[in-house]
Amino acid sequence: MNILQQFGVFFSAIFSIVTNPVQMLILFGSTLLGIVFGALPGLTATLGVALLTTLTYGLPLQSAMIALMGIYVGAVYGGSYGSIMINIPGTAAAAATALEGYPMACRGEAGRALGLTTTVSAIGTFVGMLFVVVFTPLIAALALQFTSFEFFLLAFFGILISGSISCPDTVQKGWITGFLGLFLAMVGRDSLQVYPRYTLGIMELESGIEIVPVLIGAFGIPQIIQVLKDKHSTAQPNKLERVLPSWGDVGRNLKHLVRSALIGVGIGAVPGIGEDIAAWVSYGTAKKTSKHPEKFGTGFEEGIVASETANNACIGGAMIPLLSMGIPGSPPAAMLLGALLLHGVAPGPMLEIERPGFTIGISAILLLASFAMWVVGMLLAKQVVKLLRVPPALFMPVVAVLCLIGSYSLGLKVFNLYLMIPMGILTYYLTDMGYPIPPLVIGVILGTMADANLRRGLMVSQGSIAPFFTRPVALVLLLVIVLTFVTNMGFYKNLMAKLKKGKNGR
Amino acid sequence: MMDKAKLRGADLITSAIFFLLGIWIVAEAFTMPLKDSYAGVDSVWYVSPALMPLIIGAAMLLLSVAIFVHAAKNGGLESLKEIWKNRTKDGLLNDSNIRYGCVLVPLIAMVYLNLTRIDFFLAIVLYLGFTITVFYLDNPTIMRKGLYLYTAEMSLILVLAIFGLDKALMGLFEYSLDIIAAAMIIVITVFLRIQIKETGNPEYPKKFRAAMWMTYLTPLFIVPIFRYMLRVPLPREGAIVNLMSLFYYSIR
């Protein structure tokens with residue numbers, strides 16, 4: 001497709017949605033639902049996408065994607081409501097926003113803070129969308145040159161990098177959960193010889209572990225346990241005056257906005273790394289590079305611009321590896337992958353060949369979702385803030401019921417629920433002990449691909465591992481894997497520390 | 001995440017579990033066809049279904065050793081001793097564990113016992129009625145007493161399931177388990193109401209009413225959405241869902 005044709009597809013996708021009242025209703029409804037999901041502490045974007053995946057299963061693909069993208073964009077932005085109004089971030093992605101938003105609200109500038117958040121979030125989503133349009137086809141074209149060896153290494157790299165970055169404790173914990181995910185993907189009959197692996201004689205396990213119930217179990221159940229187990233007091237939100245777009249603040253912070261959007265897209269494109277890390281990295285960078293670092297933490301708009309632009313730009317970033325290689329860039333994108341697979345869409349380098357214009361269509365939805373988010377944010381902020389008074393004890397058990405019925409309804413298998421609960425309890429304990437969950441999920445998703453491609457590649461090369469070193473892309477990936485591994489090792493860190501010390505001593 | 005002092009002790013335990021898992025993965029992989037023939041096809045090592053599990057198992061063994069060594073070097077053993085020493089200090093049934101039990105017992109009971117035996121509507125009410133009320137009231141005494149009663153009720157269903165009496169009862173009358181579930185809902189509701197009265201807290205009756213509204217409104221929305229809009233056959237359609245279906249199809 002040439003660039004003019006792409007523009008044609010883009011605008012026709014927008015036109016078809018805008019002129020369809022049902023789809024517009026879905027767009028605004030799901031975005032509002034996402035904002036509510038993000039605003040309520042305990043509910044996350046991932047959980048929102050998970051629950052809506054089950055409800056949109058019966059819808060046509062485009063309508064389902066509108067609903068899922070709407071809730072994703074809305075929820076990432078909605079997290080800022082709790083941060084600004086009650087100093088409790090609705091989602092982890094909005095935690096950095098609380099540092100600046102809440103002091104602003106305490107000064108009586110809640111409306112200005114929310115207006116700024118709404119505007120920069122919409123711009124962040126828009127920038128992310130631009131990157132999806134430009135980079136997805138390029139990366140997909142590159143991935144078309146990949147052979148089985150590259151796909152195996154890519155899966156391995158995904159687990160390794162996700163484990164390295166998302167781990168709150170020692171890096172080995174991130175990697176081991178990635179391998180645990182890979183192991184879970186091995187359960188069932190293997191794709192080449194149809195040999196049953198780790199099925200323990202249970203018939204239902206022969207077809208393998210289904211991804212969506214695992215994802216709901218891994219992200220939903222621990223959240224429900226955590227929120228109900230911890231005591232939560234409902235805070236009284238600050239007073240909210242009129243919410244205005246704050247164009248002046250946006251103009252003054254244009255430099256920070258562009259940098260934060262780039263950070264958000266970049267971090268989003270790394271497999272398994274979510275919006276929370278994007279927001280923190282961007283906030284940290286803004287503080288480091290600011291002319292007034294002392295103002296950070298006192299209600300400084302630069303901080304809000306940094307975190308809110310980055311977390312929403314991360315959405316587009318996360319869509320790039322998902323659409324071009326089938327590797328989700330963030331936990332909600334992992335849920336989106338599950339939803340796409342349910343609708344018979346296999347994201348990856350073949351996507352544009354099998355479904356021409358799909359990526360452009362997703363970009364159009366992203367653009368409309370960011371617009372819907374801005375409109376809903378400007379008009380309904382006061383109403384959403386009222387919801388912050390609802391205690392989690394009232395809605396978390398309802399979410400648990402939705403998780404269960406949603407998981408069951410996908411395959412009409414009660415066995416999915418039998419798996420989901422232990423999965424949820426396991427991930428709850430793993431999280432509590434500093435083991436990150438994104439690598440586990442990436443492992444489950446990419447396990448089958450890694451297994452099949454490794455064996456297929458070795459079959460072609462008659463058991464020779466030489467292609468790992470002779471194929472340029474494979475060699476680059478291998479070197480990156482080795483580099484990621486070595487730079488996270490204790491001896492390397494000690495060596496670097498010694499070198500730094502020696503340099504400073506001289 | 002738990003604090004660093006406790007974390008290193010816990011790391012020793014988790015790394016040992018991962019190590020054992022790694023051994024099991026590798027041991028199982030060696031039972032898979034490696035170079036021999038499977039289903040009439042001669043296999044070679046690189047097409048073997050054991051190849052990836054061997055890599056995973058080996059990686060898990062190495063990483064678990066690394067986590068163990070890191071934990072041991074950073075005071076893991078002392079932390080573990082401390083955890084072991086403190087294990088009986090608060091007792092098993094302390095408030096924190098009761099709270100945890102209030103999250104897990106109803107959830108596990110709903111999935112493994114109720115969903116396939118009791119009418120879906122009633123199973124949700126049984127779960128929500130208890131969970132929302134105890135967490136919304138957030139009173140340790142009510143939570144504790146409520147959990148004991150709920151566990152007793154679920155034990156009854158468990159006993160019925162173990163001895164196959166559930167099927168026998170349903171053979172006698174299709175909705176007999178639904179009647180038992182409805183009775184359980186009434187018992188737990190009345191019990192919680194009495195407990196609320198005893199505390200004398202003026203806020204509690206209001207909260208209880210809100211909890212009950214949520215309890216009954218949720219299945220009133222969920223059941224029609226999944227059963228009639230998304231056309232999902234529910235895990236068990238008993239007395240209430242069948243009544244709803246009767247009503248739905250008669251007005252349709």
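A: Let us begin with a term: two residues are in contact if their C-beta atoms, placed from the backbone, lie within 7 Å. Please note also that this is a predicted model.

Q: Which residues does A:Ala310 touch, not counting residues up to four places away in sequence?

A: A:Ala310 touches A:Gly124, A:Ser260, A:Ile263, A:Gly264, A:Ala278, A:Ala279 and A:Ser282. A:Ala310 itself is found in helix H13 of chain A, which covers residues 301-325.

Q: Is A:Ala310 buried or exposed?

A: The general idea is to count neighbours: a residue is buried if 20 or more other C-beta atoms lie within 10 Å of its own. A:Ala310 counts as buried because it has 38 C-beta neighbours inside 10 Å. For chain A as a whole, 62% of the 506 residues count as buried.

Q: How is the overall form of chain A to be read?

A: One compares the radius of gyration with the value for a compact globule. For 506 residues that value would be near 23 Å, and chain A has 22 Å, which agrees. The C-alpha atoms of chain A fill a box of roughly 70 × 70 × 55 Å along the principal axes. Chain A has 22 helices and two strands. Of the contacts in chain A with a separation of 6 or more, 78% are between residues 24 or more positions apart.

Q: Which domains does the assignment give for chain A?

A: The assignment gives domain 1 (3-470) and domain 2 (471-506) in chain A. Between these two domains of chain A, 17 residues of domain 1 are in contact with 11 residues of domain 2. On the domain 1 side, helix H7 (148-166) and helix H20 (467-470) of chain A each supply at least two residues. The largest share of that side, nine residues, comes from H7(A). Its residues divide into 12 nonpolar, four polar and one charged.

Methods
Residues are numbered from 1 along each chain as its sequence is written. Chains are lettered from A and ligands numbered from 1 in the order in which they are written. This is a predicted model: local features need pLDDT of at least 70, side-chain atom pairs count only at pLDDT 80 or more; totals for chains, interfaces and linings use all residues. Helices (H or I, at least four residues) and strands (E, at least two) are DSSP runs, numbered from the N terminus. The radius of gyration is taken over C-alpha atoms; the globule rule is 2.2 Å times the number of residues to the power 0.38. A residue is buried if 20 or more other C-beta atoms lie within 10 Å of its own, exposed if 12 or fewer, and partly exposed in between; C-beta atoms are placed from the backbone. Domain bounds come from an automatic or database domain assignment. Ala, Val, Leu, Ile, Met, Phe, Trp, Tyr, Cys and Pro count as nonpolar, Asp, Glu, Lys and Arg as charged, and the others, Gly among them, as polar.
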